[in-house]
Amino acid sequence: MEAKRDQFIVSVSPHVRDEESVRHIMWSVSAALFPALLASFWFFGPKAIFVTALCIISSVLSEYIFQKALNRKITINDGSAFLTGLLLGMNLPPSLPFYVPIVGSVMAVVIVKQLFGGLGYNIFNPALLGRAFLLITWPKAMTIWSAPTAKLTGLDAVTTATPLGILKEEGVGKLMEEFGTKSDLYMSLLTGERAGSLGETSAILLLLGAAYLLYKKYITWHIPLSFLATVGVLAWVFGGKGTLFTGDPVVHLLSGGLILGAFFMATDYVTCPTIRKGQIIFGIGCGALTMLIRLKGGFPEGVMFAILLMNCFAPLIDRGVKPDLFGAVKEKKK
Amino acid sequence: MAHTDKSNWELIKNGMFSENTIFRMAISLCPSIAVTNSLKNGFFMGVAVIFVQTMVNLTVSLIRNFINPKIRIPIFMLIIAGYVSLIDMSMAAFARPVYKQIGLYIQLIVAFASIFARAEVFAVKNKIVPSVADGFGMGVGFFLAMIVISFFRELLGKGALWGIPIVPGHPLLIMILPAGGFFAVGLLMGFFNWMDMKLTARKAAQGTTR
């Protein structure tokens, strides 16, 4: 009798386990970002490597120091701090003084993530709020964009405006002047040979990474597709000059941080709704706010603020679309 | 009527630390974010509140036996508004540059929860001297909070103190914007709560070993 007891294992569900874990997912997402990151090193040169490395190192270090100081379990191995640093780095312009990425990373990891209780409890996407903090704190340093001319060898880059900045300040005509024909413009937006934040420029490599995440089912299509579709439709309807339905949706879809934001940051598990229907509402909201800021707001790019604003609404959306419990009786209104 | 049995010094200390308006009670937070973007503004705001809080407690305590409880709230309002007008006009006359920046918030002292609350829960039930001590303590507590918040905000946001540049370089612009006010108040409140936790833990430890 005594020997037989060991043959039965009684445990709490779930009983079927997979090798997937937080750690696995975080490192996979980081890997998915890697091609676009390499492209940014190619376009923007050593400065890009410097900024990204600084972000990653200070994110991981500040997580370690904070958790050590508060006697919490140290979780730097789960890759979430690494991913936060990587995403923040990819969202920054290439030429920055050294203290800017450090402050942004400390802000993202300590204030936005750890003070709210660590991974899984943060309301906002840490990397994006870190960037928002930097944009408001050092507006000038954060909007100096380098032209993608470094090609790993060149040491310095020419400063220029981003395509969206040109579009906002001077209109489509000027944008065509800069890039030549329409197909040239689309091509450079697609490959990433344009000014912008480090990791956001190469649309095609980001899409490659996103395809990998979709294939592995780490993200679902609901948020990115509704986000991109809303942006596309609104750009087509309102993006033109004067008349409706004359805008160019492709420029809006491929420029700015939209691809990076829609696939890698709006889909953050912690800060988006968990119910599919809610995720579609979330994506549409992100898209609408993005276009509102791009077309009418003071900033040329609105993806960051749109995602952050919708992060606030994620719990509310989840409540709104919560399905009825099967068999539960609805409480009668008095 | 519940008379207080605390000594005057205890009452002042109570207002300054254990029932600090901003960091412990978390009331009157609006000016703590709105006017603390420079040390000078914070200082004058604090002084104005010390004056109004003390004088309101004094007056309410003086006439406490004549206030009909049914109309006590309008009476408190009148007293508070009177003293606020006094400090408002004096600042407009003698501290013109500061008044231009924070004048609106000086007038808003009328609606301060902390001043009204002390009149209602303390001054109307207590003798004059404890009431003045309580009002003064509360005012000083608010004053200290404003000084601490505006010290950090001006130092980080402008690299300056009292308008004099101290730290060269690129300051954190966000700290003098409203968003920075929330950061400063939240972090300082957290810090003081943490200190409080440590102190009570130490006191408890001493109590058991004795």
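Visitor: Which residues of H9(A) are buried?
Guide: This is a predicted model. In H9(A), the buried residues are A:Ala203, A:Leu206, A:Gly209, A:Ala210 and A:Leu213.

Visitor: Why do they line one face of the helix?
Guide: Look down the axis of H9(A): the buried residues fall within an arc of 125°, so they line one face. In general, an α-helix has 3.6 residues a turn, so residues three or four places apart point the same way.

Visitor: What do those buried residues pack against?
Guide: Four helices of chain A: H1 (22–44), H8 (182–191), H11 (249–254) and H12 (258–265).

Visitor: And which residues are exposed on the other side of H9(A)?
Guide: A:Leu208 and A:Tyr215 are exposed there.

Visitor: What span should helix H9 of chain A have?
Guide: H9 has 13 residues, 203–215, so at 1.5 Å a residue it should span 18 Å. The end C-alpha atoms are 18 Å apart, which agrees.

Visitor: What follows H9(A)?
Guide: A:Lys217, with a positive phi near 65°.

Visitor: New topic. How much do chain A and chain B bury between them?
Guide: About 740 Å², with 82% of it on carbon and sulfur atoms. On the chain A side, A:Phe133, A:Ile136 and A:Thr137 lose the most area to chain B, together 50% of what that side buries.

Visitor: How many residues take part in the contact?
Guide: Ten from chain A and eight from chain B.

Methods:
Residues are numbered from 1 along each chain as its sequence is written. Chains are lettered from A and ligands numbered from 1 in the order in which they are written. This is a predicted model: local features need pLDDT of at least 70, side-chain atom pairs count only at pLDDT 80 or more; totals for chains, interfaces and linings use all residues. Side-chain values use heavy atoms; hydrogens and water are left out. Helices (H or I, at least four residues) and strands (E, at least two) are DSSP runs, numbered from the N terminus. The expected span of a helix is 1.5 Å times one less than its number of residues. Buried means under 20% relative accessible area, exposed over 50%, partly exposed in between (1.4 Å probe, protein chains only). The arc is that of the directions from the helix axis to the C-beta atoms. Contact means heavy atoms within 4.5 Å. Buried area is the accessible area (1.4 Å probe) that two parts lose on being put together, summed over both.
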